[in-house]
Amino acid sequence: MSMVPPRPPGDNFILHKIGSNLFLFMIVLFFSLMLRISTQWKKTEEEKLSAELSYLKAQINPHFLFNTLNSIYSLAIQKSDDTAAAVVKLSGMMRYVISEAHKDFVPLEKEIIYLRSYIELQQIRFGNSIVLSFSVTGNTEGKSIAPLVLIPFIENAFKHGVNAEEDSNIQVTISIIGQELVLSVINKRVFVRPSEENKSGLGIDNTRNRLRLLYPLRHKLSIIDNSDYFSVVLELTLK
Amino acid sequence: MIKAIAIDDEPPALNVIESFCAKVDFLQLEKTFNKPNEALRHIEKFPVDLLFLDINMPSITGIDLYKSVEQNMMVIFTTAYSEFAVEGFNLQAIDYLLKPFTFERFLQAVNKANEFYSHTHQQSTAEEQFVYIRADYSLIKIRIADILFVEGLDDYLKIHLQNQKPVVARLTMKAMLEKLPAKKFARVHRSFIIPLQRIESVRNKILIIAGEEIPIGSSYEKSFFEIFKV
């Protein structure tokens with residue numbers, strides 16, 4: 001009987017060791033990849049959510065809705081001839097938000113009518129105390145735009161540009177040349193007491209995200225905010 | 001009659017209140033303001049009984065505006081928002097109207113104001129009509145409207161009355177002045193308290209009341225002429 005010589009410990013032991021280290025390495029690599037994918041996924045999800053939020057916020061603001069209804073009520077009590085037209089403007093805005101705004105793209109014409117109604121109803125609310133101009137140049141036909149991407153900038157101008165104690169001046173111009181749309185909103189800055197709903201920037205930041213998602217590399221947004229005036233210029237390449 | 005003003009930064013909202021007030025006979029809407037600061041300056045000079053106050057305005061909230069009003073006034077808050085209601089009631093608001101509101105709802109609110117007004121008003125007129133003075137071991141009821149002037153004499157004072165004998169009471173001038181309505185009486189001299197509405201003429205620091213000459217003391221001169229602006 002011969003003794004089975006003990007196996008030299010070398011080969012197998014080293015192989016074993018390498019194997020277990022490799023295994024550990026793979027696990028670490030796997031988890032770090034998972035982590036990276038999940039944060040990336042979270043980030044896109046957050047961006048989507050914020051874009052969704054900005055879209056929701058762009059819909060008719062309850063403060064605007066009820067005060068506008070009260071203005072129309074006031075016209076009705078005075079039996080003013082302007083009552084009927086104001087009702088039609090507000091119902092047009094509501095119809096747009098309910099039946100068009102969930103679409104990815106809408107005719108540019110409809111978005112502009114929405115903006116015009118908003119501005120004209122604001123004029124009824126604040127009367128002649130605000131100097132307001134709104135102009136559209138160029139051809140809107142056959143062009144489409146993501147719904148409610150322009151309104152936050154105009155709402156912002158009213159939020160920071162209207163205070164009955166001071167003179168207001170708000171100028172909105174839209175010009176369309178070929179597929180290029182340029183929206184310019186300038187308002188004289190007035191004092192507005194700080195409050196939750198007036199927290200500056202929030203609405204615009206959300207819209208900025210939405211533009212990034214909807215018009216990647218096809219928009220340019222420049223904002224000038226100084227003590228005298230607030231100016232927004234948005235350039236969009238339409239589809 | 002309840003005197004009121006309305007404050008809202010949106011003119012159409014003021015038009016609603018204006019047309020509703022015109023239909024209520026016990027309400028007199030004196031003025032409306034879309035600039036809250038202008039309203040505050042006005043109230044200081046010309047106090048009213050009731051404020052219609054919008055809560056959400058860009059320069060100041062109606063709540064802060066009401067807190068800064070020093071005079072005692074009733075307030076009805078109006079707003080298109082609802083989350084301010086609780087704080088509105090903490091401030092003892094008469095009511096809280098959500099815009100747009102009907103005339104019936106408005107009437108309900110101003111009726112509440114009217115009840116509150118007549119309740120507090122009755123009390124104050126009853127309180128102000130008489131003053132009780134301890135004299136000659138008894139408590140004497142004196143009609144405030146009958147007082148010509150009060151004359152101080154060392155430890156006593158003499159209350160001169162219209163068509164009645166003067167009442168002599170052991171009372172200090174300071175204690176007497178505190179018993180009388182502050183808006184209607186003034187101390188014009190170390191020894192004289194006078195009802196402002198009985199002043200017949202003022203000349204060279206001498207007042208005439210019921211034919212009597214009453215001197216104005218040099219240390220009372222400034223405060224007297226502040227009240228009695230000519």
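1. Strand 8 of chain B, residues 147-153, is mostly covered. Five of its seven residues are buried. Bear in mind that this is a predicted model.

2. Strand 8 of chain B has a partner in strand 9 of chain B, residues 156-161. The two run antiparallel and are joined by six bridges. Within this pairing, B:Ile147 stands opposite B:Leu161.

3. B:Val150 has B:Ile193 as its bridge partner in strand 12 of chain B.

4. Now chain B as a whole. Seven helices and 15 strands are found in chain B. The chain has 230 residues, and 33% of them count as buried. Take the contacts in chain B between residues at least 6 apart in sequence: 48% of these join residues at least 24 apart.

5. Next, the interface. On chain B, 18 residues are in contact with 22 residues of chain A. Helix 1 of chain B, residues 11-21, gives the most to the side of chain B that touches chain A, with six residues. By class, that side of chain B has nine nonpolar, five polar and four charged residues.

6. Chain A holds an open sheet of five strands, in the order 2-4-5-7-6. The pairing is mixed. Strand 2 (130-137) and strand 6 (219-225) of chain A are the edge strands, and each pairs on one side only. On average, neighbouring strands of the sheet are turned by 5 degrees against each other, direction ignored.

7. Inside this sheet, strand 5 of chain A (residues 180-188) and strand 7 of chain A (residues 229-237) run antiparallel. Nine bridges join them. One residue to look at is A:Val182, whose bridge partner in strand 7 of chain A is A:Glu235.

8. Two helices of chain A that pack on the sheet deserve a look. Helix 4 of chain A, residues 108-126, touches strand 2 and strand 4 (168-177) of chain A. The direction of helix 4 makes about 165 degrees with that of strand 2 of chain A. Helix 5 of chain A, residues 151-161, touches strand 4, strand 5 and strand 7 of chain A. The direction of helix 5 makes about 5 degrees with that of strand 5 of chain A.

9. Helix 4 of chain A also meets helix 2 of chain A, residues 62-77: the axes come within 9 Å and cross at roughly 65 degrees. The crossing is left-handed. Helix 2 of chain A contributes A:Asn67, A:Thr68 and A:Ser71 to the contact, and helix 4 of chain A contributes A:Leu121, A:Ile124 and A:Arg125. By class, this contact has two nonpolar, three polar and one charged residues.

10. Which residues touch the most other members of the largest nonpolar core? They are A:Phe153 and A:Ile154, in a core of 40 residues. Several elements of chain A each supply at least two residues, including helix 3 (83-99), strand 2 and helix 5. Helix 4 of chain A has the largest share, with seven residues.

11. A:Ile154 has contacts beyond its neighbours within four places in sequence: A:Leu115, A:Tyr118, A:Ile119, A:Val172 and A:Val185. A second, separate core has 36 residues. Among them are B:Ala4, B:Leu29, B:Ala39 and B:Phe77.

Key. Residues are numbered from 1 along each chain as its sequence is written. Chains are lettered from A and ligands numbered from 1 in the order in which they are written. This is a predicted model: local features need pLDDT of at least 70, side-chain atom pairs count only at pLDDT 80 or more; totals for chains, interfaces and linings use all residues. Two residues are in contact if their C-beta atoms, placed from the backbone, lie within 7 Å. Helices (H or I, at least four residues) and strands (E, at least two) are DSSP runs, numbered from the N terminus. Ala, Val, Leu, Ile, Met, Phe, Trp, Tyr, Cys and Pro count as nonpolar, Asp, Glu, Lys and Arg as charged, and the others, Gly among them, as polar. Two strands pair if DSSP finds at least two bridges between them. Axes are lines fitted to C-alpha atoms, for helices over the stretch in contact, and angles run from 0 to 180 degrees between N-to-C directions. A crossing is left-handed if the near helix is turned anticlockwise from the far one by less than a right angle, and right-handed if clockwise. A residue is buried if 20 or more other C-beta atoms lie within 10 Å of its own, exposed if 12 or fewer, and partly exposed in between; C-beta atoms are placed from the backbone. A nonpolar core is a set of buried Ala, Val, Leu, Ile, Met, Phe, Trp, Tyr and Cys residues joined through C-beta atoms within 7 Å.
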